[in-house]
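Please take me through this structure stop by stop, telling me what to select in the viewer and what is found there.

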Amino acid sequence: MSLTSSTIKSRVAESYTRFANEYLKWTTDASKRLRLRYMFDLLERLDVECSEGNKKINGRGKFQVLELGAGAGVPATQYLASYGCLGVTANDISTAQLELLAMNLPNDAVDRVNVVEGDMFSLNFPPESFNAVVCLYSLNHLPSNEQREMISRISSWLRPGGWLLVNVANMPVEIAVDEQWMKEANNEGGWMYWSSLGGDATATAVEKAGLTIRDREVIAEPEGGQQGMKEVPFTWIIAEKGDQSLSMEHPTANEKQPGKDFCGFLGEF
Ligand SMILES: C[S@@+](CC[C@H](N)C(=O)[O-])C[C@H]1O[C@@H](n2cnc3c(N)ncnc32)[C@H](O)[C@@H]1O
């Protein structure tokens, strides 16, 4: 049986709903810290400064950020939601993941986070709706023929000067299916699908979509953080919607000295 896009989406959603809790535990603290470093980098580039401190709800909605495949919201959505002046739209295809996300948000952030359930490929937003789009470990759940188009749509939703943070498996893979993914963490595991254009072709798609890559790095992570598990290299890309000719010197996420607020957040993981 050939895999249609809708079969892939419904089976992926069903599996994440089955093991949403286990997936959250399976994600290591080191992997959460890595996500946070990039989130910090993104918000620095966006020049987000909420008046009277990051935690205050001032200037609400000044910056709009979209997170695609947000999962349980730990730690990326939580971090976004800790900024009072960000309006956050968090999308995921799995009901259970979004239920967890709602539980993981700080109480004062609930009205600043707009939760949108569904396939990211079916979303519609007016052009130039967002200052930033975040897509971590989720683009690769789309069939490969949708990924370039997804990047192009993301670009159209970004305002000029807006930013994309995305990561993808670095090695190109047309189709990878695991019938019992997460079996070690959840008795049955679940059917899972991935596809990756790979780091190089994803970077090309990002540029063709009118974005300028400002940071690109390959980082290998042990899958599920288990000792002895194979390492999976991911390409992380930070790109800006704007003039390709402008170059900007900016340290990479790993070279940065995080600010005080960020360190407090990081300490939780
Ligand atoms: C590997 S998890 C990553 C979650 C989160 N971004 C993180 O960094 O921990 C992938 C997430 O993408 C979601 N997802 C998969 N396919 C999707 C789609 N077509 N549209 C929206 N979300 C999707 C899954 O439900 C899951 O929550």
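Predicted model: local features only at pLDDT ≥ 70, side-chain atom pairs only at ≥ 80, totals over all residues.

Residues are numbered from 1 along each chain as its sequence is written.

**The sheet.** Select the strands (DSSP runs of E, at least two residues, numbered from the N terminus, as helices are from runs of H or I of at least four). Seven of them form an open sheet with mixed pairing, in the order E3-E2-E1-E4-E5-E9-E8. Two strands pair if DSSP finds at least two bridges between them. At the edges are strand E3 (113-117) and strand E8 (211-222), each pairing on one side only. Neighbouring strands are turned by 15° against each other on average, direction ignored; axes are lines fitted to C-alpha atoms, for helices over the stretch in contact, and angles run from 0 to 180 degrees between N-to-C directions.

**Inside the sheet.** Select residues 63-67, strand E1, which pairs with E2 in the parallel sense over five bridges. Val65 has Val88 in E2 as its bridge partner. Next select E4 and E5, parallel strands joined by five bridges; here Phe130 has Leu158 of E5 as its bridge partner. Nine of the twelve residues of E5 are buried, so E5 is largely enclosed by the rest of the structure. Buried means that 20 or more other C-beta atoms, placed from the backbone, lie within 10 Å of a residue's own; exposed means 12 or fewer, and partly exposed is in between.

**Helices on the sheet.** Select residues 29-46: helix H3 lies across E1, E4, E5, E8 and E9, at about 165° to E5. Then select residues 199-208, helix H7, which touches E5, E8 and E9 and makes about 155° with the direction of E8. Contact between residues means C-beta atoms, placed from the backbone, within 7 Å.

**Helix H5.** Select residues 95-104 and find Gln97, Leu98 and Leu101, which are buried. They lie on the same side of H5 because they cover an arc of only 95° around the axis, taken from the directions from the helix axis to the C-beta atoms. The buried residues of H5 pack against H1, H2, H4, E2 and E3.

Terms used. Contact = placed C-beta atoms within 7 Å.
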